Amino acid sequence: MTAAYPYTIWEPGATIGVLGGGQLGRMFAMAARRMGYRIRVVDPDPHPPAAAVADEHLCGSVADPDVRRRLIASVDLVTYEFEHLPTEAVQELSQHRPVYPGPEVLRIAQHRILEKQFLAAAGIPTARFWPIRSEQDIQAALSQIGTPAVLKAARHGYDGKGQVRVDQPDQAVEAFQQLRTSEAVWEAWVDFHTEFSVIVARNLRGQMVTFPAVRNWHRRHILDVSVAPAGLPEEATRQAEAIAQSIAQHFRLVGLICVEYFYTEDHQVLVNEIAPRPHNSGHLTIEAAVTSQFEQHLRAICNLPLGTTQLRCPAAMANLLGELWIPQAPRFSLVCGIPGVYLHLYGKRGATVGRKMGHLTAIGTSPAQALRRVRRARHLLQKSACDTTPY
Ligand code: AMP
């Protein structure tokens with residue numbers, strides 16, 4: 001039933017199931033519907049961001065066999081927009097409908113120990129790490145890796161959740177207890193010069209394309225601002241692209257994969273993590289690239305020819321987190337007056353600190369100009385949220 005061959009193509013009109021209804025699912029659904037595909041989103045939240053733009057929302061979890069049955073009966077193929085999914089359920093689903101990217105890359109990417117071990121086995125450089133499953137392992141990690149370090153929960157960590165920095169050996173046990181998990185990774189702290197990411201797309205017939213590297217800045221472990229072109233030394237870019245492509249090849253990936261990197265002061269390119277899906281650092285491709293990451297994901301999973309990844313112009317992206325809504329929602333109309341600035345809001349109900357509510361993209365004639373524009377635009381929003389004078 002699921003057998004798909006290099007020449008299988010899902011033409012517009014096909015129905016795609018999307019596991020997860022967050023902002024990535026929403027922007028993917030927008031790209032897919034523009035091209036005539038039908039979208040069914042699966043999410044247990046009664047009002048996920050993607051539901052508003054999907055053809056149908058199956059309210060429930062993919063772990064529920066009844067939800068899976070309904071999905072199988074109504075879609076041609078399945079993709080997902082986040083990796084924290086029940087692996088066995090996705091595996092079972094893949095016996096009835098093609099699931100792209102496949103369950104194997106999902107299994108690795110959703111578990112930080114497996115992910116780091118996979119990278120190490122493939123000879124891909126990462127921060128030094130030690131798997132933690134017991135307090136004994138902590139002692140071994142202290143002697144093998146030491147501090148400063150970051151302790152990361154093996155599963156369900158994202159946007160800084162499930163991560164604790166450990167500066168002193170005597171904080172180690174408490175840090176592990178604080179994570180409330182049975183499995184974690186002890187990672188050497190990397191004093192990086194730059195963080196950046198590379199997105200690769202690959203389709204069923206093996207065609208592969210690579211987006212230009214994007215430079216990223218995080219705040220409290222959450223992506224804050226991105227810019228492209230990244231302005232990295234050519235050799236670092238070449239290495240990163242080769243690594244990302246080799247990972248895509250290894251898994252015979254169908255879809256997108258984003259690889260996040262640290263670039264260190266001594267010119268090493270280290271992989272931080274991999275995500276087999278569209279990525280926050282790729283949002284600027286909507287305005288700046290000939291083909292957006294969301295359309296590229298669609299092309300890859302449907303086995304269409306892949307689009308050009310070239311940038312039309314430099315661009316920068318700034319995330320809009322929930323704190324921007326405190327004490328009141330910003331006046332979004334303010335940014336609409338700035339040339340080259342684009343507003344994206346995800347339609348989420350309830351802004352909380354650290355929650356990704358939307359983003360701004362600015363295009364410019366140089367990366368520096370795009371960065372200045374996007375930061376200025378976000379600053380205007382921040383000021384307006386604190387200005388309680390009526391208008
Ligand atoms: P992650 O969830 O692993 O992508 O981590 C989120 C962010 O935390 C990264 O993008 C870095 O800014 C920071 N971070 C994670 N691991 C390390 C590390 N080993 N050394 C320094 N910073 C890190």
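Entry one, the domain contact. I looked up where domain 2 meets domain 3 and found five residues of domain 2 in contact with five residues of domain 3, contact being heavy atoms within 4.5 Å. The model is predicted, so I note that local features need pLDDT of at least 70 and side-chain atom pairs pLDDT 80 or more, whereas totals for chains, interfaces and linings use all residues. Residues are numbered from 1 along each chain as its sequence is written, and side-chain values use heavy atoms, without hydrogens and water.

For the bounds I took domain 2 as 128-188 and domain 3 as 192-386, from an automatic or database domain assignment; their C-alpha centres lie 28 Å apart.

The area buried between domain 2 and domain 3 is about 420 Å², with 39% from carbon and sulfur atoms (accessible area, 1.4 Å probe, lost by the two parts on being put together and summed over both).

I found 15 residues around the ligand, the closest being Lys 152, Gln 163, Glu 195, His 221 and Glu 273, where a residue counts if one of its heavy atoms lies within 4 Å. For Lys 152, a side-chain N or O atom is 2.7 Å from a ligand oxygen, while for Arg 112 a polar side-chain atom lies 3.1 Å from a ligand oxygen. At Val 190 I noted a polar backbone atom 2.8 Å from a ligand nitrogen.

Notes. Polar contact = N/O pair within 3.5 Å; in protein donor to acceptor, adjacent residues only side chain to side chain.
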